[in-house]
Amino acid sequence: MSAFILSACSTADHPRSFFEERGILCTLFHYQMDGCTLADDLYESISPHDFFAKIKAGSEPTTSQPSAGEYADAWEPHLRAGEDVLHVTLSSGISGAYNSACVARDQLSASYPDRTIVVIDSLAASAGYGMLLEYLADLRDEGRGIDEVAAWAEEHKLDLNSWFFVSDLECLKRGGRVSKTSALMATALKICPVLDIDSTGHLIPRAKIRTKRKATAELARICLERVQDGPAYTGRCCISHSDCREDAEEVARLVAERIPALAGKIAIYDIGTVIGSHTGPGTVALFFMGARREG
């Protein structure tokens, strides 16, 4: 059985220490802000608070995925060293990263015909994408081979539930996900849209909840309704947020009330610069393994 490297991107919204400690290769996305092109470097060059403060002050960041060449440059040293590559991408429903990674795979496969390169579309984003990587790293560390780990990912990735609310609609309006009129009305009525990621990896609005307090409670209700084994769930659960830690902690508290085994075990992460460029500040996302995603 050949050794393999597990590879992903910065949009998994886990800290640098996670990638280093779990031995996961990380290729960085990019964002453009205030006339500068910057790396999504896991908040090494800017703090989450300062990044979202810039957006609140009027900055309008745009984002770009790694090129096929960047993926190839990251993987080739490992292929040359005799390692195979299992790369997991940000959802193809919100990014072209999967296509870029496939181009790199095809190019390198011609040069390294004895090596295996597998590219998997996570159909996930942010810390949920990162949570899927945690499961895959566990399997790798148990001694499972690349084919077995890849098969597990394909079989279980739609069990990953991703639910979130947005309390500041400016970035959704700018990205065309809501109209200017709808955004103004929703802001006036204190409406927080609740969305999830469907089985094709696209963001889908599911409900319009009035007030952030009720949206917070709705995430916890959905979790209990959909989570594997209901109140007996002992799997992974994590939250990511865009400069609203108190809201994230409140979601964690409500989830733990309903699922006691998760008390003190729900990891909370910062939404990164790339995902955060699209959500804006005031977003909280909840991730857990549960009922299989459908359309």
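The model is predicted, so local features need pLDDT of at least 70 and side-chain atom pairs count only at pLDDT 80 or more, while totals for chains, interfaces and linings use all residues. Residues are numbered from 1 along each chain as its sequence is written, and side-chain values use heavy atoms, with hydrogens and water left out.

Visitor: At roughly what angle do the axes of H3 and H4 cross?
Guide: Helices and strands are DSSP runs numbered from the N terminus (helices H or I, at least four residues; strands E, at least two). Axes are lines fitted to C-alpha atoms, for helices over the stretch in contact, and angles run from 0 to 180 degrees between N-to-C directions. The axes of H3 (residues 68-80) and H4 (residues 97-111) come within 8 Å, and their crossing angle is roughly 45°.

Visitor: Which class of orientation does that give H3 relative to H4?
Guide: Angles under 35 degrees count as roughly parallel, over 145 as roughly antiparallel, 65 to 115 as roughly perpendicular, and the rest as oblique. The crossing of H3 and H4 is roughly 45°. H3 is therefore, relative to H4, oblique.

Visitor: How many nonpolar residues does the contact of H3 with H4 have?
Guide: Contact means heavy atoms within 4.5 Å. From H3, Ala68, Tyr71, Ala72, Trp75, Glu76 and Leu79 meet Ala97, Ser100, Ala101, Val103, Ala104, Arg105 and Leu108 of H4. Ala, Val, Leu, Ile, Met, Phe, Trp, Tyr, Cys and Pro count as nonpolar, Asp, Glu, Lys and Arg as charged, and the others, Gly among them, as polar. Besides one polar and two charged residues, the nonpolar count in this contact is 10.

Visitor: Is Tyr112 buried or exposed?
Guide: Tyr112 lies in the loop between H4 and strand S7 (117-121), where it touches Glu76, Leu79 and Arg80, not counting residues up to four places away in sequence. Buried means under 20% relative accessible area, exposed over 50%, and partly exposed in between (1.4 Å probe, protein chains only). Because its relative accessibility is 18%, Tyr112 counts as buried.

Visitor: How far apart in space are Tyr112 and Gly82?
Guide: In sequence, Tyr112 and Gly82 are 30 residues apart. In space, their C-alpha to C-alpha distance is 9.5 Å.

Visitor: How far apart are the end C-alpha atoms of H5?
Guide: The expected span of a helix is 1.5 Å times one less than its number of residues. For the 16 residues of H5 (residues 126-141), the span should be 22 Å, which agrees with an end-to-end C-alpha separation of 23 Å.

Visitor: How many residues of H5 are buried?
Guide: H5 is mostly covered. Of its 16 residues, the number buried is 14.

Visitor: How is H5 oriented relative to H6?
Guide: The axes of H5 and H6 (residues 146-156) come within 10 Å and cross at roughly 150°. H5 is therefore, relative to H6, roughly antiparallel.

Visitor: Which residues of H6 make the contact with H5?
Guide: On the H5 side, the contact is made by Leu132, Tyr135, Leu136, Leu139 and Arg140. The residues of this contact divide into seven nonpolar, no polar and one charged. On the H6 side, the residues are Val149, Trp152 and Ala153.

Visitor: What is the relative accessible area of Arg22?
Guide: Arg22 has its place in H1 (residues 16-22). Not counting residues up to four places away in sequence, Arg22 touches Glu134, Ala137, Asp138, Arg140, Asp141 and Arg236. Arg22 is buried, with a relative accessible area of 18%.

Visitor: Which strands are included in what covers the buried residues of H9?
Guide: In H9, the buried residues are Ala215, Thr216, Glu218, Leu219, Ala220, Ile222 and Cys223. Their cover includes H10 together with strands S8 (160-166), S9 (191-197), S10 (203-210) and S13 (283-289).

Visitor: Which class of orientation do H9 and H10 have?
Guide: The axes of H9 (residues 212-226) and H10 (residues 245-258) come within 9 Å and cross at roughly 40°. The two helices are therefore, relative to each other, oblique.

Visitor: Which residues does Ala220 touch?
Guide: Ala220 is found in H9 and is buried, with a relative accessible area of 1%. Not counting residues up to four places away in sequence, Ala220 touches Leu254, Val255 and Arg258.
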